[in-house]
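User: I have just opened this one and would like a walk through it. Could you start with how the chains meet?

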2 protein chains.
Amino acid sequence: MADRISDAEHAVMEVLWRRAPLTATEVSEALEEDRDWSLQTVKTLLARLVGKKVVAHEADGRRYLYRPLVVRDAYVAHESQRLVDRLFGGRVTPLVAHLAETQQLSDQDIAEIEALLKALKP
Amino acid sequence: MADRISDAEHAVMEVLWRRAPLTATEVSEALEEDRDWSLQTVKTLLARLVGKKVVAHEADGRRYLYRPLVVRDAYVAHESQRLVDRLFGGRVTPLVAHLAETQQLSDQDIAEIEALLKALKP
DNA sequence: GCGTATTGACTACAAGTGTAGTTTATGACT
DNA sequence: AGTCATAAACTACACTTGTAGTCAATACGC
């Protein structure tokens, strides 16, 4: 479960996190808007995800049903941590500071985050 | 300038962002603590970075001096944006919310971020 | 001046990634 | 029953990435 999920694979995971289990064809259809992939490509990605043990497939008649084996939150946490570690020395404050500066946080964003922080305080 | 910087390449960039210009040997020495790379490996990475036009090299006698062509802030901004886009639908607040939950922000972290946000308000 | 170390240039090579095509079995329709 | 569509399995192939090795030129120490 420690293998990295590539970019293309991640797009497939997002579909499965939204709804599962799905057949390969259904996943492919769900991706049509965003990526211009052939069904074969999607199947390859699904097979690789199964190989990485982050997706399970169970036979359903002649086809497979795919479902995620890792929860999205865990993935998001892992990737966020990676970024914070690599670019901000593991500290969250500099990240927020950076986003605040470069991203033009709207007043509403700021209000939201403040409310969130307030709720966290003892 | 749009080529992605790989993980290993990023380690080299960090060295150059800290101090530049440097020779390949100096970069290699600076990396000794963190990565167990041969000089040749570092040279390969430098060459690739030059190929990607994110590092420049200028001859200095028989060797080259390497210096970054992109500023760290731009890279950090780009990577942060990528993560926010991919995992949080482009919105910063959910990222902060997520980090707040999973990262056990200390009281001090919270205080820092609050101060930072206060400073941003009109 | 000659050997040795250093440097850049070029080459290597396996694993991972993006992106399919081909083959074979099976089920669905007429 | 024969034909067409579909699904899985296998194969392909170029590009990137991690990690060097080799070669040829040059400079430095003695």
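Analyst: In this predicted model, chain B and chain A bury about 3,700 Å² between them, with 63% of that area on carbon and sulfur atoms. On the chain B side, B:R86, B:L87 and B:L117 supply 16% of the area buried against chain A, which is more than any other three residues give.

User: How many residues does each chain put into the contact?

Analyst: Chain A contributes 42 residues and chain B contributes 40 residues.

User: And how many salt bridges cross over?

Analyst: The rule finds ten salt bridges across the interface of chain B and chain A; one of the salt bridges pairs B:E79 with A:R86, whose closest N and O atoms are 3.9 Å apart. As for polar contacts, 15 residue pairs are counted between the two chains, with both residues at pLDDT 80 or more.

User: Which element of chain B gives the most to that side?

Analyst: That is α4(B), with 14 residues, while the elements giving two or more residues are α1 (7-18), α4 (72-88), α5 (92-102) and α6 (107-120) of chain B. Sorted by class, the side of chain B that touches chain A holds 20 nonpolar, 14 charged and six polar residues.

User: Switching to the core, which residues touch the most other members of the largest one?

Analyst: Those are A:V27 and B:V27, in a nonpolar core of 66 residues.

User: What does A:V27 touch?

Analyst: Leaving aside residues up to four places away in sequence, A:V27 touches A:V12, A:V15, A:L16, A:L22, A:V42 and A:L46. As background, nonpolar side chains tend to be buried together in soluble globular proteins.

Key:
Residues are numbered from 1 along each chain as its sequence is written. Chains are lettered from A and ligands numbered from 1 in the order in which they are written. This is a predicted model: local features need pLDDT of at least 70, side-chain atom pairs count only at pLDDT 80 or more; totals for chains, interfaces and linings use all residues. Side-chain values use heavy atoms; hydrogens and water are left out. A nonpolar core is a set of buried Ala, Val, Leu, Ile, Met, Phe, Trp, Tyr and Cys residues joined through side-chain atoms within 4.5 Å. Buried means under 20% relative accessible area, exposed over 50%, partly exposed in between (1.4 Å probe, protein chains only). Contact means heavy atoms within 4.5 Å. Buried area is the accessible area (1.4 Å probe) that two parts lose on being put together, summed over both. A salt bridge is a side-chain nitrogen of Lys or Arg within 4 Å of a carboxyl oxygen of Asp or Glu. A polar contact is a pair of N or O atoms within 3.5 Å; within protein, one must be able to donate a hydrogen and the other to accept it, and residues adjacent in sequence count only if both atoms are side-chain atoms. Helices (H or I, at least four residues) and strands (E, at least two) are DSSP runs, numbered from the N terminus. Ala, Val, Leu, Ile, Met, Phe, Trp, Tyr, Cys and Pro count as nonpolar, Asp, Glu, Lys and Arg as charged, and the others, Gly among them, as polar.
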